[in-house]
Every structure is written in C-alpha cells, then in structure tokens.
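Let's take a walk through this structure together, one stop at a time. Keep the sequence and the 3D view open as you read.

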Amino acid sequence: DVQLVESGGGTVQAGGSLRLSCAASEYTYSVGWFRQAPGKEREGAARILGGNSYHVDGRFTISRDQSRNMVYLQMNSLKPDDSGVYYCTADSGVPRGYDTTSWKYWGQGTQVTVS
C-alpha cells in the first residue's frame, strides 16, 4: 500500500498562510488534499490528475515534486472556516472527482486551526 504522511499543520491567524506537505512512499498518477471540519463531511480542496492541477478555492494551490514523492498545499488568506484536519490522498488511477470513497490511499491528517 501507498503510505502518506502529512505535516505542516498548525495554528495561524486569519489572513495568514500555511504550506502543508505530504510525503508519499511512491508515485501515483493522482494526488489530492481533502479537509474535514468538526461535525462536517470530508471535502476536497485540490487535486492533481497526471499533469493537471485543480483547486476548489483560488486561495489554495496544489503542487508536487515527483522526484521526491512530495505533495504540497499552499494555503493563503486563510479564514476560520478553513480550520479542520487536512488529509493527503493518492490513487493510481483517476478517482471520481472529490468522492472520498473513490480515492484509495489516505494519510492520517494534519490539524489546521485558523483564528
């Protein structure tokens, strides 16, 4: 199985920035970032499918260093509603959008708190 380990979470004031990192044990065609606020469903934030990057919110930018099996999420102009646990995900194929049940591999998450 693909192992994913997130890091870079923490506390930040509203309007600030964070850069999350995800260390993957191997390359996969698709990678993504999801987040889950307390009491809410897990929702997609950004994804990469092959050479194409997508984001749900323009304040977030996903990138990867394929040679190092690293995935990043740059988050700018953060708001309190951005708070939650952020999860890195990966799949060897092309998952169905941001369907959480479609992505095969998941990290344990990293906490982001925006005050």
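Asn-69 counts as partly exposed, with a relative accessibility of 21%; here buried means under 20% relative accessible area, exposed means over 50%, and partly exposed lies in between (1.4 Å probe, protein chains only). You will find Asn-69 in the loop between β7 and β8 (70-75). Strands are DSSP runs of E with at least two residues, helices are runs of H or I with at least four residues, and both are numbered from the N terminus. The backbone of Asn-69 deserves a look too: its phi is positive, about 55 degrees, although this residue is not a glycine. Most residues other than glycine have a negative phi. Ser-77 also has a positive phi, about 50 degrees, without being a glycine. Ser-77 sits in the loop between β8 and β9, and it is partly exposed, at 42% relative accessible area.

A word on what you are looking at: this is a predicted model, in which local features need pLDDT of at least 70 and side-chain atom pairs count only at pLDDT 80 or more, while totals for chains, interfaces and linings use all residues. Residues are numbered from 1 along each chain as its sequence is written, and side-chain values use heavy atoms, with hydrogens and water left out.

Now step back to the whole protein. How many helices and strands does the protein have? There are zero helices and 11 strands, so the pattern along the sequence reads β-β-β-β-β-β-β-β-β-β-β. The radius of gyration is 13 Å, close to the 13 Å that the globule rule gives for 115 residues, so the protein is as compact as a globular protein of that length. That radius is taken over C-alpha atoms, and the globule rule is 2.2 Å times the number of residues to the power 0.38. Along its principal axes, the C-alpha trace spans about 35 × 30 × 25 Å.

Of the 115 residues, 45% are buried.

For a look inside, go to Ile-62 in strand β7 (residues 60-65). Ile-62 is buried, with a relative accessible area of 6%. Not counting residues up to four places away in sequence, Ile-62 touches a list of residues that includes Val-31, Trp-33, Ala-46, Ile-48, Tyr-54, Val-71 and Leu-73. A disulfide is a covalent bond between the sulfur atoms of two cysteines, and here it is assigned to a pair of cysteine sulfur atoms within 2.5 Å. By this rule the count is one disulfide, which joins Cys-22 to Cys-88 with an S to S distance of 2.1 Å. The torsion about this S-S bond is about -80 degrees, so the disulfide is left-handed. Cys-22 belongs to strand β3 (residues 18-24) and Cys-88 to strand β9, so to speak distant parts of the chain, 66 residues apart. Both Cys-22 and Cys-88 are buried.

Next, visit two loops. Ser-102 lies in the loop between β9 (84-91) and β10 (105-106). Is Ser-102 buried or exposed? At 15% relative accessibility, Ser-102 counts as buried, and beyond four places in sequence it touches Asp-91, Pro-95 and Arg-96. Glu-41, in the loop between β4 (30-36) and β5 (43-49), counts as exposed at 70% relative accessibility. Setting aside residues up to four places away, Glu-41 touches Arg-35 and Gln-36.

Finish at Ser-115, in the segment after β11 (110-114). Ser-115 is exposed, with a relative accessible area of 68%. Leaving aside neighbours within four places in sequence, Ser-115 is in contact with Val-12, Gln-13 and Ala-14. The C-alpha atoms of Ser-115 and Val-12 are separated by 6.4 Å, with the two residues 103 apart along the chain.

Notes:
Contact = heavy atoms within 4.5 Å.
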